[in-house]
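Q: Please take a close look at one side chain and its surroundings. Then follow the charged pairs and the helix packing elsewhere in the chain.

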Amino acid sequence: MTAKAGRSRVRIMLVFMLFLLSAVAFLDRTNISVAGVQMRQEYRFDQIHLGWVFSAFLIGYAAFQVPAGWLAWRYGPRRVLAIGIVWWGVLSVATALVSPGSAHALVLLVMVRFLLGAGEAVMYPAGNQFISRWIPVQERGKANGWIFAGVGAGSALSPPLITLIIAGYGWRAAFYVCAAIGLVAALAWFLLARDRPEDHAGVSAGELAHIRAGLVAPGAPRTALPWGAILTRGNVWALFFSYFAFGYVVWIFFSWFFIYLAEARHVDLKASAFYSMLPPLMMMLGCLSGGWISDRVTATRGLYLGRSGLAILSFALTAVFLVLGSMAQSTALAVVVLAGGAGAMYLSQSSFWSVSADIAGPHTGVVAGFMNMGCQIGGALTSSLTPWIAATWGWTAAFGVAGALAVAGALIWALVDPNRLLIGGTVHGGDPIEAIA
């Protein structure tokens with residue numbers, strides 16, 4: 001049997017590339033939380049104004065989720081992602097070029113970060129459009145686990161890398177380095193990726209048959225978007241609101257955790273950089289283990305327990321960790337427990353993106369973009385609301401609000417039926433999915 005006739009693994013290589021792109025995306029968006037301490041001093045911002053800068057990114061990110069999904073559906077994830085990453089690099093450089101002497105520095109930073117968010121909006125809708133075309137249903141939990149493990153990897157890399165660059169060359173240099181990394185990643189993705197497995201010269205006949213056998217709607221043509229179905233299905237709105245709760249919780253870690261350690265726990269810069277690595281490392285572990293658990297349970301117990309059941313458990317555990325961690329007196333204990341909450345939350349990440357691909361088929365990019373818009377609205381809210389709650393009632397209250405939203409998210413997930421397709425029918429008849437070796 002020739003290599004071409006055998007089972008190639010091109011899809012695995014491309015999923016790993018999406019893991020790397022995901023890491024770059026979060027490096028580009030969380031670098032400002034580490035540089036924020038120095039930026040506040042140079043621009044003479046208070047926490048509230050810095051929160052506006054943080055929120056601007058997420059507002060742009062949220063506003064362009066559905067257009068990003070449409071672009072990925074219309075033009076394919078290969079080109080859309082490559083152009084998007086170049087856009088991130090340009091706007092990262094622009095962030096560093098805003099002069100603190102400008103009378104409109106705050107407005108300019110808000111505009112730049114809004115545009116950066118608009119560009120980064122393509123990352124996960126395009127990635128999920130790729131998943132719907134390349135990854136069989138029984139492998140999507142692990143695939144999404146790897147892609148979103150990039151969130152943890154990029155966020156964990158940010159504190160030590162950005163701190164090191166800032167210490168040697170100043171905070172602006174950190175944005176230049178992140179832009180350069182992104183440009184290299186964009187070129188690699190464009191050269192190696194293809195929109196469909198049948199278009200990739202490295203995909204063997206065996207791998208192509210394996211992929212097609214596991215797709216909900218293999219080879220489905222691009223038809224008119226069913227906006228009525230997208231906007232009226234309970235599943236879609238349940239994913240939207242539960243992802244809103246998810247976004248509110250996790251963006252406390254992305255936007256404020258480094259500053260929380262420095263200003264509320266009085267930890268120095270180097271120790272803050274070390275402690276700030278723990279939540280994203282736990283997120284990465286949660287993504288990988290959550291994806292593996294989701295596929296295993298789905299294979300034996302069906303999609304509802306494998307996707308929704310795991311997400312319910314994830315959100316419930318998160319609420320417990322957040323409340324206990326915020327009340328801990330010891331800084332080290334608080335960091336470990338809160339990091340556990342971040343990891344517990346990311347157990348559900350593959351469920352969100354696997355379900356949106358499972359139910360939406362060829363329309364995955366748009367449905368995933370709509371769902372992700374909810375996450376970013378939650379993130380934008382926490383970026384501005386969290387410092388106000390912390391200043392008014394303390395950080396225990398700020399984490400307590402996040403815990404309450406995690407409980408709400410668990411209840412909403414109970415309403416999600418991952419067996420029900422967006423347009424008629426059920427995924428594999430609603431039965432447990434047999435894993436294909």
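**The surroundings of N372**

A: Leaving aside residues up to four places away in sequence, N372 touches Y61, Q65, Y124, P125, Y243 and W353, a contact being heavy atoms within 4.5 Å. This is a predicted model, in which local features need pLDDT of at least 70 and side-chain atom pairs count only at pLDDT 80 or more, while totals for chains, interfaces and linings use all residues. Residues are numbered from 1 along each chain as its sequence is written, and side-chain values use heavy atoms, without hydrogens or water.

N372 belongs to helix α16 (residues 364–393); helices are DSSP runs of H or I, at least four residues long, numbered from the N terminus. With a relative accessible area of 1%, N372 is buried (under 20%; exposed is over 50% and partly exposed in between, with a 1.4 Å probe and protein chains only). Its side chain makes a polar contact of 2.8 Å with that of Q65 (N or O atoms within 3.5 Å, one able to donate a hydrogen and the other to accept it; residues adjacent in sequence count only if both atoms are side-chain atoms).

Elsewhere, the structure holds eight salt bridges, each a side-chain nitrogen of Lys or Arg within 4 Å of a carboxyl oxygen of Asp or Glu. R11 takes part in a salt bridge with E139, with 3.0 Å between the closest N and O atoms. Because R11 lies in helix α1 and E139 in the loop between α6 and α7 (140–169), this pair ties together parts 128 residues apart in sequence. R11 is buried at 3% relative accessibility, and E139 is buried at 16%. R11 also meets E207 in a salt bridge of 3.0 Å, N to O. E207 is in helix α9 (residues 205–213), so its pairing with R11 in helix α1 joins parts 196 residues apart in sequence. E207, like R11, is buried.

D295 and K142 form a further salt bridge, their closest N and O atoms being 3.2 Å apart. This pair links helix α12 (residues 269–301), which holds D295, to helix α7, which holds K142, across 153 residues. D295 is buried at 6% relative accessibility, whereas K142 is partly exposed at 37%. Both belong to a network of salt bridges that also includes R140, R307 and D358.

In helix α5 (residues 105–120), the buried residues include L109, V112, R113 and L116. The buried residues of α5 pack against α1 (10–43), α2 (47–63), α4 (77–97), α6 (123–134) and α8 (171–192).

Methods
Helices (H or I, at least four residues) and strands (E, at least two) are DSSP runs, numbered from the N terminus.
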